[in-house]
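Please examine the sequence and the structure shown here before reading the report.

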Amino acid sequence: MGEKTSKNQPNGNMYTTKAPEDDESHQMISSLFLGPHAENYEYFKRNIIKILETTRDARMKYYPDDGPFISEQVQDSATFNKHTDRIGNAVQKAAELLSKHSVPWWSPRYAAHMCMDMSMPSLLGYFMTMLYNPNNVSIEASPFTMIAEIEAGQQLCEMFGFNLNSEVKDVPIGWGHITCGGTVANLESIWAGA
């Protein structure tokens, strides 16, 4: 007879060699990802709700005496409901198609792609930032995310050993910025190196 295993640790595959439950590094890394079977779904959902509630509160606090722009009467109208139903149906259909036809890069059983599961902090940060639509062209257009971009650039410069001290004159000062993706980052690095 085969070795008795738990539901989460089937016999005869990679799950039988997983890290021990008391391994602190495994516990820490496990807290960062949704998980191959969405084991951390509730934690992720809780943070999505926090983001949505904070966004709602920020919008309601901005000139609160203005009152609602989209009234309950508009929300109760047939046209409004027709279009919100269409959006809901489109979201459901797109989610189903993506879940059915995407490569399962989130699973440790799939190793044929250059990417792996995205971390929950990165997904939450991306989702949260989209709601505020920052455009890092100037400090006036994006007062918070511009500072975050500068700090991220400085952290990367420090990590790679670039000069960050403005008093050192014989070496250029390192800097960086966040691009919209890897392709643009590669193109910018080619341009900078030319």
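The report below describes a predicted model, with attention to one helix, its charged pairs and a residue in another helix.

## Extent of helix α2

Just after α2, Tyr63 adopts a positive phi of about 50 degrees.

Four residues of α2 are buried, namely Phe44, Ile48, Ile51 and Thr55. These residues lie on the same side of α2 because they cover an arc of only 60 degrees around the axis. The cover over the buried residues of α2 includes helix α5, residues 120–132.

The face of α2 that is turned away from its buried side carries Met60 and Lys61, and both of these residues are exposed.

## Salt bridges

Side chains of opposite charge can pair when their charged atoms come close. A search of the whole structure finds two salt bridges.

Lys45 counts as partly exposed because its relative accessibility is 34%. Glu42 has a relative accessibility of 47% and therefore also counts as partly exposed.

The other salt bridge is formed by Arg56 and Asp57, whose closest N and O atoms are 3.0 Å apart. Arg56 has a relative accessible area of 43%, so this residue is partly exposed. For Asp57 the relative accessibility is 30%, and Asp57 therefore counts as partly exposed.

Is Thr145 buried or exposed? Thr145 counts as buried, because its relative accessibility is 18% and the term buried applies under 20%. This residue is placed in helix α6, which covers residues 143–159.

When residues up to four places away in sequence are not counted, Thr145 touches Thr129, Pro134 and Asn136.

Terms used. Residues numbered from 1 in each chain as written. Predicted model: local features only at pLDDT ≥ 70, side-chain atom pairs only at ≥ 80, totals over all residues. Heavy atoms only, no water. Buried < 20%, exposed > 50% of the residue type's maximum accessible area, 1.4 Å probe, protein only. Helix = DSSP H or I, 4+ residues; strand = E, 2+ residues; numbered from the N terminus. Arc of directions from axis to C-beta. Contact = heavy atoms within 4.5 Å. Salt bridge = Lys/Arg side-chain N within 4 Å of Asp/Glu carboxyl O.
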